[in-house]
Amino acid sequence: MTENRTEIRRLPMWGSLILFVVPTLLMWLATRLGIPAIKPHLAGPDILSWFIAGGVVFLFLFLAAFMAFWIEKGRVTLEGFANRFRFRRTNALDVAWSLGVLVVCGSLSAGIAGLWKVASQAWRALPEPQASPPFIHMEPVTYDTLWILLAWLPLYFFNIAGEELWWRGYLLPRQEQTHGSAACLVHGLGLAVFHLPLGVDLTLILLPFLFALPYVVQRQKNLWTGFIVHGVLNGGGFLAVAFGMV
């Protein structure tokens, strides 16, 4: 017998505020206190301290999504989880929308960074944009440091899975019950707040993605679209830095 889908409760604005602010505070603690506390105890590159501190935050989101579902449903089943978090069969339209978001938002983000750089050169009082968090410094990998890519994989998994399950899997459907088609806008503002501990510059550059991610998931009603966009964006960006392409 097919399990009935979980009834999704409305999430008031104050609820959205709390559920975005708490992870934001954790990210702030991880980047401002966690990384400096971890770094002296590591013998490897500084980036490892981000893998650990950031990984804790994303692991929290990952576990919080399952806990929230268990509280909401009362029990966890694979079918119920797939229905509630909108894991649908991915079709060509889902892939097309995901790739379209990557191309369009990638161009918009590059345009923001480019215009910002031009403006900073014309107006010296405006500093150039910093496209990476100030606490993350990574030299291109060499044959001897390829192991860093393996150390990065746990962070990458929990970054993508944790954020998608918590933000677009659990929160967004509840926001849709309250805000309707405007839910992606409320969600995007929350994502911008969450990314502020990573740097104001980076947050502004990523704004197109921060609003497009919830939009495409809300439009397609398929969480896999969020996984595709987020996975390619973060994975491609890190590998480009790791191999010295940017």
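Here are some notes on the pocket, the aromatic contacts and the nonpolar core of this predicted model.

1. Ground rules first. Residues are numbered from 1 along each chain as its sequence is written, and side-chain values use heavy atoms, with hydrogens and water left out. Since the model is predicted, local features need pLDDT of at least 70 and side-chain atom pairs count only at pLDDT 80 or more, while totals for chains, interfaces and linings use all residues.

2. The largest pocket comes out at about 1,300 Å³. Pocket here means an open set of points on a 1 Å grid over the protein atoms alone, where a 1.4 Å probe fits, with protein on both sides within 12 Å along at least five of seven lines; lining residues have an atom within 4 Å of a point. Volume is the space filled by probe spheres set on those points, which are joined across faces, edges and corners. There are 41 lining residues, and A131, P133, L202, G237 and F238 are the closest to the centre.

3. Who builds that lining? Helix α9 has the largest share, at nine residues. Among the other elements giving two or more residues are α2 (47-73), α4 (92-122) and α5 (147-179). Helices are DSSP runs (H or I, at least four residues), numbered from the N terminus. By class, the lining has 29 nonpolar, 10 polar and two charged residues (Ala, Val, Leu, Ile, Met, Phe, Trp, Tyr, Cys and Pro count as nonpolar, Asp, Glu, Lys and Arg as charged, the others, Gly among them, as polar).

4. On to the rings: the structure holds 20 aromatic pairs (Phe, Tyr or Trp rings, six-membered for Trp, with centres within 6.5 Å; stacked under 30 degrees between planes, edge-to-face over 60, the rest tilted). F69 and F81 pair edge-to-face, 5.6 Å centre to centre with 85° between the planes.

5. The largest nonpolar core has 58 residues, with W50, F51, F85, L165, W166 and W167 having the most contacts inside it (a core is a set of buried Ala, Val, Leu, Ile, Met, Phe, Trp, Tyr and Cys residues joined through side-chain atoms within 4.5 Å). Helix α2 gives the most to this core, with 13 residues.

Terms used. Buried < 20%, exposed > 50% of the residue type's maximum accessible area, 1.4 Å probe, protein only.
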